[in-house]
Amino acid sequence: MKWLRSISIDWSLLKNITIVILVRRVLLFVVGLFADALIKFEPSYPYYESILRPFGPAWFVKWGGFDGVHYLTIAAKGYIGTGLIQAFFPLYPMLLRIIATTFTPIFAGMLISTLCFIGAMYVWVLFIRDRKIKIAWWMAMLPWLIFPTSFYFGAIYTESLFMLLVFVSIYNLQRKHIFLASIFIDYRF
């Protein structure tokens with residue numbers, strides 16, 4: 001357990017990353033709130049009315065659209081009787097099921113994704129810093145924050161969880177913790 005003693009958290013860095021990502025999250029909510037004034041939202045994917053709509057206004061529940069409804073369904077009912085959703089690995093729905101006992105399922109999904117994104121960015125910045133690459137922490141995060149499809153990192157999708165697990169694996173490989181890296185890279189669990 002030598003690796004456990006080597007863990008130290010840079011609380012200042014974590015706080016700064018959290019603030020940046022939460023401000024981004026709020027800005028995306030504001031954009032979603034006013035987007036309907038420019039482009040009318042008419043969902044064409046299944047389950048919007050039955051699964052998402054009961055949990056709040058459209059600007060909020062949009063974050064659970066498309067595959068998000070499948071994760072919500074798996075979290076609520078499991079894989080039995082939910083159709084052709086065998087490609088959805090169970091870790092995200094299991095986390096969703098646990099956190100949805102305290103919060104609404106939509107909020108729980110966004111919370112998981114946002115926390116995983118914060119964790120992924122923290123590990124990514126540590127990895128960049130350990131490699132002696134001389135860029136500011138926010139420059140290491142900037143591509144992940146502004147890439148056109150980066151909104152998925154806050155939606156009810158597994159992208160942020162996947163990214164966190166991959167970055168933790170790479171970080172552990174860099175530190176020669178092969179066993180830990182192999183545990184985290186098997187993201188199918």
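About how much space lies in the largest cavity?

Guide: This is a predicted model, in which local features need pLDDT of at least 70 and side-chain atom pairs count only at pLDDT 80 or more, while totals for chains, interfaces and linings use all residues. Residues are numbered from 1 along each chain as its sequence is written, and side-chain values use heavy atoms, with hydrogens and water left out.

About 40 Å³ of space lies in the largest cavity, a cavity being a set of points, on a 1 Å grid over the protein atoms alone, where a 1.4 Å probe fits but cannot get out. The structure holds 2 cavities of 30 Å³ or more. Around the largest cavity stand Ile21, Arg24, Arg25, Thr114, Phe117, Phe153 and Gly154, lining residues being those with an atom within 4 Å of a point. Helix H2 (11–38) gives the most to this lining, with 3 residues, and both H2 and H7 supply at least two; helices are DSSP runs (H or I) of at least four residues, numbered from the N terminus. By class, the lining of the largest cavity divides into 3 nonpolar, 2 polar and 2 charged residues, with Gly counted as polar and Arg as charged.

The second largest cavity, with a volume of about 30 Å³, is lined by Val123, Trp124, Phe127, Phe167, Ile170 and Tyr171. H7 and H9 are the elements that give two or more residues to the lining of this second largest cavity, and that lining has 6 nonpolar, no polar and no charged residues.

Note on methods. On a 1 Å grid over the protein atoms alone, a cavity is a set of points where a 1.4 Å probe fits but cannot get out, and a pocket is an open set with protein on both sides within 12 Å along at least five of seven lines; lining residues have an atom within 4 Å of a point. Grid points are joined across faces, edges and corners, and a volume is the space filled by probe spheres set on the points.
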